[in-house]
Amino acid sequence: MTLSLSKDTIQVLKEQDVVFLKNRVKETAVKIKMGLVNQTRLLTACSELVRNMMRYADGGVCIIEVVSSGRNNGVRLTFSDRGPGIADIQAAMRDGFSTGKSLGLGLPGTKRLVNEFEIKSKVGEGTVVTILKWANG
């Protein structure tokens with residue numbers, strides 16, 4: 001069972017908000033004594049997801065949580081937007097798939113960087129992506 005120990009909600013609508021979010025995620029990871037490699041993985045995943053949120057949905061909200069399961073602590077990030085949504089999540093999760101002009105490594109690459117990854121999307125309503133990175137793992 002995973003327990004939420006703290007929660008911080010950050011609205012991301014402009015570039016300065018992206019910088020603030022990434023700094024807050026780093027502070028949170030340092031606070032739970034997450035190692036540098038895992039911090040880098042978490043921040044890379046965060047950067048990709050916030051970039052998608054800005055590009056496809058003109059921003060949204062990110063919830064940063066410190067979570068605990070037994071003796072292990074982690075950082076859970078939930079990105080929510082009211083963008084166009086993703087019509088085919090299975091296709092979006094394949095390497096090389098892109099609706100923009102990118103390499104199409106974003107969502108599948110993000111999933112490989114974290115311990116847990118969940119995506120929910122409804123066309124015309126928006127997308128919610130939740131990732132979790134444990135401090136030790």
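This is a predicted model: local features need pLDDT of at least 70, side-chain atom pairs count only at pLDDT 80 or more; totals for chains, interfaces and linings use all residues.

**Entry: salt bridges**

With that rule I find six salt bridges. I looked up the pair of Asp-17 and Lys-14, whose side chains meet with an N to O distance of 3.6 Å; Asp-17 is buried at a relative accessible area of 15%, whereas Lys-14, at 45%, counts as partly exposed.

I then turned to Glu-27 and Arg-24, which form a salt bridge at 3.5 Å, N to O, and which both lie in helix α1, three residues apart, about one turn of the helix. Arg-24 is partly exposed, with a relative accessibility of 24%, and I record that Asp-8, Arg-24 and Glu-27 are linked in a network of salt bridges.

In what order do the five strands of the open sheet run? I read the order as β1-β2-β3-β5-β4, with antiparallel pairing. I mark β1 and β4 as the edge strands, each having a single partner strand, so one side of each is left without a neighbour in the sheet. On average, neighbouring strands are turned by 15° against each other when direction is ignored.

Looking at one pairing in detail, I find that β1 and β2 run antiparallel and are joined by nine bridges, and that Leu-3 stands opposite Ser-68 in β2. Helix α1 packs on the sheet, where it touches β1, β2 and β3, and its direction makes about 165° with that of β1. Helix α4, residues 106–113, also packs on the sheet, touching β4 and β5, with its direction at about 150° to that of β4.

**Entry: the nonpolar core**

Which residues have the most contacts inside the largest nonpolar core? In this core of 30 residues they are Leu-21, Leu-77, Phe-79 and Ile-131. Among the elements that each supply at least two residues of the core I list β1, α1, β3 and β5, and I note that α2 gives the most, with eight residues. For Leu-77, leaving out residues up to four places away in sequence, the residues touched include Val-25, Leu-42, Cys-46, Ile-64 and Ile-131.

**Entry: single residues**

Is Asn-72 buried or exposed? I find Asn-72 in strand β3, and with a relative accessibility of 18% this residue counts as buried, because buried means under 20%. The side chain of Asn-72 makes a polar contact with the side chain of Asn-136 at 3.5 Å, and beyond its neighbours within four places in sequence Asn-72 is in contact with Val-67, Trp-134, Ala-135 and Asn-136.

Lastly I checked for positive phi values in residues other than glycine, and I list Lys-33, near 65°, and Asp-58, near 55°. Lys-33 sits in the loop between α1 and α2 and is exposed at 70%, and Asp-58 sits in the loop between α2 and β2 and is exposed at 64%.

Notes: Residues are numbered from 1 along each chain as its sequence is written. Side-chain values use heavy atoms; hydrogens and water are left out. A nonpolar core is a set of buried Ala, Val, Leu, Ile, Met, Phe, Trp, Tyr and Cys residues joined through side-chain atoms within 4.5 Å. Buried means under 20% relative accessible area, exposed over 50%, partly exposed in between (1.4 Å probe, protein chains only). Helices (H or I, at least four residues) and strands (E, at least two) are DSSP runs, numbered from the N terminus. Contact means heavy atoms within 4.5 Å. A polar contact is a pair of N or O atoms within 3.5 Å; within protein, one must be able to donate a hydrogen and the other to accept it, and residues adjacent in sequence count only if both atoms are side-chain atoms. Two strands pair if DSSP finds at least two bridges between them. Axes are lines fitted to C-alpha atoms, for helices over the stretch in contact, and angles run from 0 to 180 degrees between N-to-C directions. A salt bridge is a side-chain nitrogen of Lys or Arg within 4 Å of a carboxyl oxygen of Asp or Glu.
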